[in-house]
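The following note sets out several points on helix packing and core composition. Please read each point alongside the coordinates.

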Amino acid sequence: AGSLSEWSEHQDCGIATLGTTALTIPRSQCLNLALLRKLIAGSEGEAKRKATARIESLLKEISVHEKHNDTTFATRYTVLCEEEATQQMQHCTRPSEWPSMSLEEVFRRSDSSSPARMLQDVGKIRWILTQYAAILCGTEDDDEIDEKLHDEAVAKVNQLLQTDDENLQHVCRSMRLYLLKCVERRRGISFLRGLLAQDTLQNASWVMKWRDMHDIDFEKFIGAALVPKWNPFLGEDFAAEYQEAKVVVYEMMQSTAVDKLDKFARDCKASPPGQQKRQLGGLLMALCQEPGLLAALEEEGRKPPWRLKLNEWLATTEELPVTPKER
């Protein structure tokens with residue numbers, strides 16, 4: 001018992017102190033998880049009720065103290081919730097028997113002030129995505145996806161792997177990445193890349209929705225075989241000007257805002273002539289390495305929204321110290 005006012009989940013301290021000798025039990029990931037499992041899964045009756053109530057109360061207290069729900073304590077609790085979900089749903093033989101869930105229901109419910117219910121649902125979602133990954137992986141003897149099972153599974157996971165709610169996009173992306181990680185752990189990175197090239201997955205609505213968002217990292221992953229992995233502009237002697245321009249260009253590609261590019265151009269314009277040339281050279285290299293490589297992955301009718309804005313900025317900005325011929 002005690003106050004959370006001076007506590008931090010990253011604090012290096014013992015998990016408990018025993019007796020009058022002040023013997024401290026050291027903190028560890030395994031011990032924390034084992035204690036939670038003992039309290040939640042190993043207890044019965046009144047002891048289980050009190051332990052559950054106390055843990056759920058602590059989840060809320062820590063969430064308020066840390067100002068978010070993504071704490072290490074919440075992560076450990078979710079692991080146990082996934083174990084519980086595995087026990088509860090082991091009778092499910094087909095995806096049609098899985099529970100129907102959506103991101104909006106889990107993360108937008110009215111009782112979201114208490115994280116316990118949300119984390120219990122997250123445990124179920126992790127189980128569902130793990131089962132979906134197993135369907136995508138097929139068997140060791142046969143890589144073919146069972147189309148009927150896949151169609152049933154997609155009907156259940158679509159609302160977990162896509163959303164129109166802007167505030168849930170980061171959660172949705174985490175769900176997608178968790179699914180890909182489950183596949184990778186089962187069959188490896190090469191299998192995962194090949195899987196994403198198959199029509200079954202390419203035509204899945206959640207994949208098409210993801211691609212329509214022009215997620216740069218996802219596009220690079222899918223098209224890894226089409227572009228070189230080596231960056232010739234990095235190395236022991238790489239130019240600092242290139243690194244600076246690379247960050248600015250990449251941020252523009254992520255946000256479609258040209259504010260950082262404008263500032264880069266103004267700083268370049270205010271620099272001595274020799275430094276200007278180095279900065280312009282860095283910008284050219286960044287344009288070749290980032291937008292240039294991604295151009296090889298673009299398909300007809302699927303241009304990313306930043307492409308037009310970047311081209312327009314390069315063609316019209318008055319801040320960049322270049323001649324019409326250089327432009």
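At roughly what angle do the axes of H12 and helix H13 cross?

1. The axes of H12 and H13 (residues 259-269) cross at roughly 150° and come within 8 Å. Axes here are lines fitted to C-alpha atoms, for helices over the stretch in contact, with angles running from 0 to 180 degrees between N-to-C directions. H12 and H13 are therefore roughly antiparallel to each other (angles under 35 degrees count as roughly parallel, over 145 as roughly antiparallel, 65 to 115 as roughly perpendicular and the rest as oblique). Helices are DSSP runs (H or I, at least four residues), numbered from the N terminus.

2. This is a predicted model, in which local features need pLDDT of at least 70 and side-chain atom pairs count only at pLDDT 80 or more, while totals for chains, interfaces and linings use all residues. Residues are numbered from 1 along each chain as its sequence is written, and side-chain values use heavy atoms, with hydrogens and water left out.

3. On the H12 side, Glu244, Ala245, Val248, Val249, Glu251 and Met252 meet Lys260, Leu261 and Phe264 of H13; contact means heavy atoms within 4.5 Å. By class, this contact has six nonpolar, no polar and three charged residues (Ala, Val, Leu, Ile, Met, Phe, Trp, Tyr, Cys and Pro count as nonpolar, Asp, Glu, Lys and Arg as charged, and the others, Gly among them, as polar).

4. Val247 also lies in H12 (residues 240-255). Val247 is partly exposed, with a relative accessible area of 39% (buried means under 20%, exposed over 50%, partly exposed in between; 1.4 Å probe, protein chains only). The C-alpha atoms of Val247 and Ala286 are 8.5 Å apart, although 39 residues separate the two along the chain.

5. Gln289, in helix H14 (residues 273-295), counts as buried at 12% relative accessibility. Beyond its neighbours within four places in sequence, Gln289 is in contact with Asn231, Pro232, Phe233 and Tyr242.

6. The largest nonpolar core has 57 residues, of which Trp98, Phe107, Tyr132 and Trp206 touch the most other members (such a core is a set of buried Ala, Val, Leu, Ile, Met, Phe, Trp, Tyr and Cys residues joined through side-chain atoms within 4.5 Å). Helix H5 (residues 115-137) supplies the largest share of this core, 13 residues. A second, separate core of 22 residues includes Val248, Met253, Leu261 and Leu294.

7. H5 is followed by Gly138, whose phi is positive, near 65°.

Conventions. Helices (H or I, at least four residues) and strands (E, at least two) are DSSP runs, numbered from the N terminus.
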